[in-house]
Amino acid sequence: MRIMAAGEGKAETAAMSSKLATLFARLRAVLPQLPPMPRAWVELRCARRLDRLAGRLQRMHARIARMQDHLTAAGAPGGPASDADGALRRMLAGLRAELARMRCDLALWHVRECGGECGTRLAAALARVNRIAVDTHAAAQRLEAELEARAK
């Protein structure tokens, strides 16, 4: 392994940066000449991204469900303290607003980009994300209500 002298790394970084800039300029010149990607391939990529989003939403739903179970299981006197400062309730309200906004954005994107029509794989991914978002929204609302009741 070679150790660089002071200032040598900056020169190499600048040289690599200019090489990358040249490469990107060449790519930009070539890309407009390429034919557009097939719609099926683009839909498959979108569906895979939506599947990853659905996985993240599903994990978020599971965390909310665990919190709900923890609160209801510890409902006996002397159980854990509730959300006294309201931070968790505000966070849940923000999550619900973000989920609603995400669903609206997905619907607008579907109409604008796909014209409301798409392949079965993309349609299934959209339906799954919407279903999980609705379930997560409902779970967050239930937990928020539970925390609100405990705060009173």
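## A buried arginine and its partner

R89 is buried, its relative accessible area being 13%, where buried stands for under 20% relative accessible area, exposed for over 50% and partly exposed for what lies in between (1.4 Å probe, protein chains only). The side chain of R89 meets that of E148 in a salt bridge, with 3.0 Å from N to O; the term salt bridge requires a side-chain nitrogen of Lys or Arg within 4 Å of a carboxyl oxygen of Asp or Glu. This pair links distant parts of the chain, since R89 belongs to helix 3 and E148 to helix 4, 59 residues apart. E148 itself counts as partly exposed, at 34% relative accessibility.

## Model and confidence

The model is a predicted one, in which local features need pLDDT of at least 70 and side-chain atom pairs count only at pLDDT 80 or more, while totals for chains, interfaces and linings use all residues. Residues are numbered from 1 along each chain as its sequence is written, and side-chain values use heavy atoms, with hydrogens and water left out.

For the protein chain the mean pLDDT (the predictor's confidence in each residue, from 0 to 100) is 82, and 81% of the residues reach 70 or more. Confidence is lowest in helix 1, with a mean of 72, and highest in helix 4, at 92.

## Overall architecture

The protein chain has four helices and zero strands, both kinds of element being DSSP runs numbered from the N terminus (helices H or I, at least four residues; strands E, at least two). Read along the sequence, the pattern is α-α-α-α. Of the 152 residues in the protein chain, 24% are buried. Among contacts (heavy atoms within 4.5 Å) between residues at least 6 apart in sequence, 83% join residues at least 24 apart.

## The nonpolar core

In soluble globular proteins, nonpolar side chains tend to be buried together. Here the largest nonpolar core has 24 residues, and those with the most contacts inside it are L50, L57, I64, L92, L122 and V129; such a core is a set of buried Ala, Val, Leu, Ile, Met, Phe, Trp, Tyr and Cys residues joined through side-chain atoms within 4.5 Å. Helix 2 (39-73), helix 3 (87-114) and helix 4 (120-151) each give two or more residues to this core, and the largest share, 10 residues, comes from helix 4.

## Other salt bridges

The whole structure holds five salt bridges. One of them joins the side chains of D51 and R121, at 2.7 Å from N to O; because D51 lies in helix 2 and R121 in helix 4, this pair ties together parts that are 70 residues apart in sequence. Both residues are partly exposed, D51 at 22% relative accessibility and R121 with a relative accessible area of 37%.

Another salt bridge is formed by E113 with R112, whose closest N and O atoms are 3.5 Å apart. In this pair E113 counts as partly exposed, at 47% relative accessibility, whereas R112 is exposed, with a relative accessible area of 60%.

## Surface

The accessible surface of the protein chain comes to about 10700 Å², of which 61% belongs to carbon and sulfur atoms, the areas being computed by the Shrake-Rupley method with a 1.4 Å probe and, for residues, with only the protein chains shown counting as cover.
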